[in-house]
Amino acid sequence: MTAELAIDVSGLTKIYGGRAVVEGIDLQVPRGKIYGFVGANGSGKTTTIRMLCGLIKPDRGGGTCLGHDLLTESATIKAHLGYMTQKFSYWDDLSIRENLAFVADIFGLDRAKERVDTALERLGLTARAEQLVGTLSGGWRQRLALSAATLHEPEMLLLDEPTSGVDPKSRLEFWDEIHHLAADGITVLVSTHYMDETARCHEIIFMSEGHIITSGTAANVVAHAGLMTWAVTGGDLVALMEKLKPLSGVDTVAAFGDNLHVSGTDGAALENAIAPYKAEKIHQWREIPPTMEDVFIHYMAKTKGDG
Amino acid sequence: MAGLFPALRRMRAIMVKEFTQLRRDKTTFAMIILIPVIQLLLFGYAINTDPKHLPTALLVRDHSVFSRSIVSALEESDYFKIIGSVRSRAQGELLLRQDAVQFVVTIPEHFGRDLVRGHRPELLIEADATDPVAIGSALEAVQGAAAGALGHDLTGPLAHLRATPSPVDVRVHRLYNPEGFTRYNIVPGLIAVILTMTGVMMTALAMTRERERGTMETLLAMPVHPLEVMAGKILPYVLIGYIQSFFIIFVAELLFNVPVLGSLWLLSASLVAFIACNLALGFTLSASAENQTQAIQMSIMVILPAILLSGFLFPFRGMPEWAQIVGSALPTTYFIRIARGILLKGNGLVEIWPNLWPLFVFMVVITLVSMKRYRRTLD
């Protein structure tokens, strides 16, 4: 039943200069689902995506992508895959139409002109088709990139931080489009820095320092972290933050505007640690359900401590 | 006044930063050090407009003592290096066309007898004059060498023959460029050098630009074979190379009356190999260059020797052995000889073959290397 899985890989490892930047990645992604890659910069998200789309060869491990072997059938995989790079990477000195036509030619698409026209229409760029891509704004470039990556009707989309540097409204529209594509049966693997976007994925994969730390639905990941979080308001929060940080039982302290989130995995130890400060009655303390942001910070702090 | 010291300090900070960056930028650093060193070595040692030990073939039809004296005098002059004998004029001419020798010296029949009788026999020197600079000094030396050599032999009753004019009539045939026009020599060389410059640099830039802008990643993620990318990238520049070559030939013929004796079809066929060499070389460089600036710097490292060591600016045979070895590792060197041969000597395939096959070898080797390098682009 491999065909039911869009991605089925195990032990994927990539070594650069003697150091494993990605190590032992096991991943099963069913077709038609949206999976989100979450992790800090340099956690190995981009490298993993590049291995999955055949841009770089894994040093160890393997598996299948869309039912084709990752190591020996990368040409076949590429033909059924749409990939959006982290940085916008279409040709600035070609027009919108020329870029799309180039993609159509490379993929050997039939009815190329018709497809390009349809794509332009869907983008709402028919009138500006002859404009050079270099003159487009960020939001438009990103929509063009998605349109170009889906021109050949791929079975799977790999999107590497597609929404970075895009305004909130465009971001929202972009995710609506992603859900439309998934509804049509396209598998989507997307990496992101935005915690609010994790809620829009069917499942998320948490990466840190080249390893998968945890995965599951957003709610599961938060629950699985076993975190207890207190929100503090009022008083001198910066001074309080410095006092709380060294205490045992307090794993992370992070400022969110006029809020301070104090978290720990050992609930009793955390309460002991903060008890004296609660008693001062300078600040208002309130226990809250941890957010994805808290979980993210928690995992980042944890891997740093282990390292 | 108060502002002076902080201003100096800021300036110093910027200088320190520049030097630090420079030290870490290996390519620029190498350029700064290597270019003066290369130039110094080249102009100091390699470039010699008074080349000696020029390869010479002999056609000796007279076996008198005088003939032997002439031959040893030529050798002792240091300008001629006798590399062998030929049996006919045709054989001598083939060697000249193939660039195997610079001179063919013919000592006619009855040379000794005519000399003794005071008939001033001819001593014929056929010179490859495509590069007039290369042969000038050697030819000047001949007259004196001949007279001097015979001076020792013409004694006793023959002593009166030593008197001027010279007992021997030295005839020089400057072949392929009788007027000794330097431009005849420069134009075919210019085709080679311009193709090297533009070919190497343009391809190196075209590839690095893709990498710098990130579009290389998009390209690699698409189902397109490296060979297809390479061919697609290179072919437009092959066309540009052809246009450049024929433009130069056209202008040279129009303005400078540079002769076009050989077949332009043969030249076109050789151009394919030469242009491919340069483009593959540019492709190889682009695989190592991180950005467009580095690509330019690396291209210059290739272009400089191609101008200075290929026989374009200075006579190839005037360079010391090590410089000739370096020059022999450059496709430009071979193409210059082919172009001069076809345009000025009217050479055909047989005559250019000794210089054509190395071009094909270069083409295959460089293409293979560039393919290998390109595959590893992202890894």
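Modeller: Let's start inside chain B, where eight residue pairs are in polar contact across the interface of domain 1 of chain B and domain 2 of chain B (both at pLDDT 80 or more). A polar contact is a pair of N or O atoms within 3.5 Å; within protein, one must be able to donate a hydrogen and the other to accept it, and residues adjacent in sequence count only if both atoms are side-chain atoms. Keep in mind that this is a predicted model: local features need pLDDT of at least 70, side-chain atom pairs count only at pLDDT 80 or more, and totals for chains, interfaces and linings use all residues. Residues are numbered from 1 along each chain as its sequence is written, chains are lettered from A and ligands numbered from 1 in the order in which they are written, and side-chain values use heavy atoms, with hydrogens and water left out.

Colleague: Which elements give two or more residues to the side of domain 1 of chain B that touches domain 2 of chain B?
Modeller: Those are β1 (54–60), α4 (89–97) and α6 (132–153) of chain B. Helices (H or I, at least four residues) and strands (E, at least two) are DSSP runs, numbered from the N terminus.

Colleague: Where do the domain limits fall in chain B?
Modeller: Bounds come from an automatic or database domain assignment; here it gives domain 1 (54–175) and domain 2 (182–375). Their C-alpha centres lie 39 Å apart.

Colleague: And how many salt bridges are there between domain 1 of chain B and domain 2 of chain B?
Modeller: The rule wants a side-chain nitrogen of Lys or Arg within 4 Å of a carboxyl oxygen of Asp or Glu. It gives two between these domains, and K345(B) pairs with D128(B) in a salt bridge at 2.8 Å, N to O.

Colleague: How do I read the size of an interface?
Modeller: It is often given as the accessible area lost when the parts come together. Buried area here uses a 1.4 Å probe and is summed over both parts. Domain 1 of chain B and domain 2 of chain B bury about 1300 Å², 50% of it on carbon and sulfur atoms. Chain A and chain B bury about 1600 Å² between them, 61% of it on carbon and sulfur atoms.

Colleague: Which three residues supply 30% of the area that chain A buries against chain B?
Modeller: L55(A), W91(A) and I106(A), more than any other three residues.

Colleague: What about salt bridges between the chains?
Modeller: Two turn up across the interface of chain A and chain B; E217(B) and R50(A) meet in a salt bridge at 2.9 Å, N to O.

Note on methods:
Buried area = accessible area lost by both parts, 1.4 Å probe.
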